[in-house]
Amino acid sequence: MNMFKEIKDAVSVRDAASFYGYTVGRGGMMCCPFHDDKHPSMKVDKRFHCFGCGADGDVISFVQMLFCLDAKGAALKLIDDFRLNIDTGHKKSARRMNRCTRQTQEKAYEHKVLLAYEKELEHFKEKMACISSTLLTWEHEHAPTMEQWEADMPDERFITAVNNKDPVEYILDTLTNGTDDEIYEEYRHRKEIIEKYERKITEVTERSA
Ligand SMILES: [Zn+2]
């Protein structure tokens, strides 16, 4: 049997969503991880469908989108995370593990997940600190001269700094001082947050060159 089909038969989107830390409510509804969803608008069972943004697919595409993987990567992750006894073509044959070994492995796995999260979080913080430092530098180095001020033509870098430093500081502050839930909420959106500010900085830098 095909590896993808075996995985889909063994793990529903609902299983995966719970496993990866999402709360699935009554009727299989959860907040959509793929758009800014305040009220649960995604239905999960064997497949998923978001009534807000239209995201739709099976457990493979769910994991692909969640972790930015290709289909093969998502399949291997599911096999690994759910300890599925599925032949991927290059893995050692599955052994029966006794309960004790399994528990040890689960602990080791949890530890690995936690370490990966902390490492990624650290990376996110570094990126935000770097963005923040660029904005602060711009604010000071490109503060309007008297002429620019009177002509109402401040440097675009100055305007960008003034408009963006507070939200960036807020995110940094949350990452440092927030509760676990608040930190995780920012963490979930780290890719789009970093991309948004980095793109802005690049665009303004290019225009100001
Ligand atoms: Zn959605």
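**View 1. Helix 1 and helix 4 cross with a left-handed sense.** In this predicted model, helix 1 covers residues 3-10 and helix 4 covers residues 71-81. Their axes come within 10 Å and cross at roughly 45°. Helix 1 is therefore oblique to helix 4.

**View 2. Residues from helix 1 and helix 4 meet where the two helices are in contact.** Helix 1 contributes Met-3, Phe-4 and Ile-7. On the side of helix 4, the residues are Ala-75, Leu-78 and Ile-79. Sorted by class, this contact has 6 nonpolar residues, with no polar and no charged ones.

**View 3. Strand 2 and strand 3 run antiparallel and are joined by bridges.** Strand 2 consists of residues 42-44, and strand 3 consists of residues 48-50. The number of bridges between strand 2 and strand 3 is 3. Lys-43 has His-49, in strand 3, as its bridge partner.

**View 4. Helix 7 and helix 9 form a left-handed crossing.** Helix 7 spans residues 156-177, and helix 9 spans residues 190-208. The two axes come within 11 Å and cross at roughly 165°. An angle over 145 degrees counts as roughly antiparallel, and helix 7 and helix 9 are therefore roughly antiparallel to each other.

**View 5. Helix 7 and helix 9 meet through residues of several classes.** From helix 7, the residues in the contact are Glu-156, Arg-157, Thr-160, Asn-164, Val-168 and Ile-171. From helix 9, they are Ile-193, Tyr-197, Lys-200, Val-204, Arg-207 and Ser-208. By class, the contact of helix 7 with helix 9 holds 5 nonpolar, 3 polar and 4 charged residues.

**View 6. The chain is divided into two domains.** Domain 1 takes in residues 3-95, and domain 2 takes in residues 113-204. The C-alpha centres of domain 1 and domain 2 are 32 Å apart.

How values were computed. Residues numbered from 1 in each chain as written. Predicted model: local features only at pLDDT ≥ 70, side-chain atom pairs only at ≥ 80, totals over all residues. Domains from an automatic or database assignment. Pairing = 2+ DSSP bridges. Helix = DSSP H or I, 4+ residues; strand = E, 2+ residues; numbered from the N terminus. Axes fitted to C-alpha atoms, helices over the stretch in contact; angles between N-to-C directions. Parallel < 35°, antiparallel > 145°, perpendicular 65-115°, else oblique. Left-handed = near helix turned anticlockwise from the far one by under 90°. Contact = placed C-beta atoms within 7 Å. Nonpolar A, V, L, I, M, F, W, Y, C, P; charged D, E, K, R; others polar.
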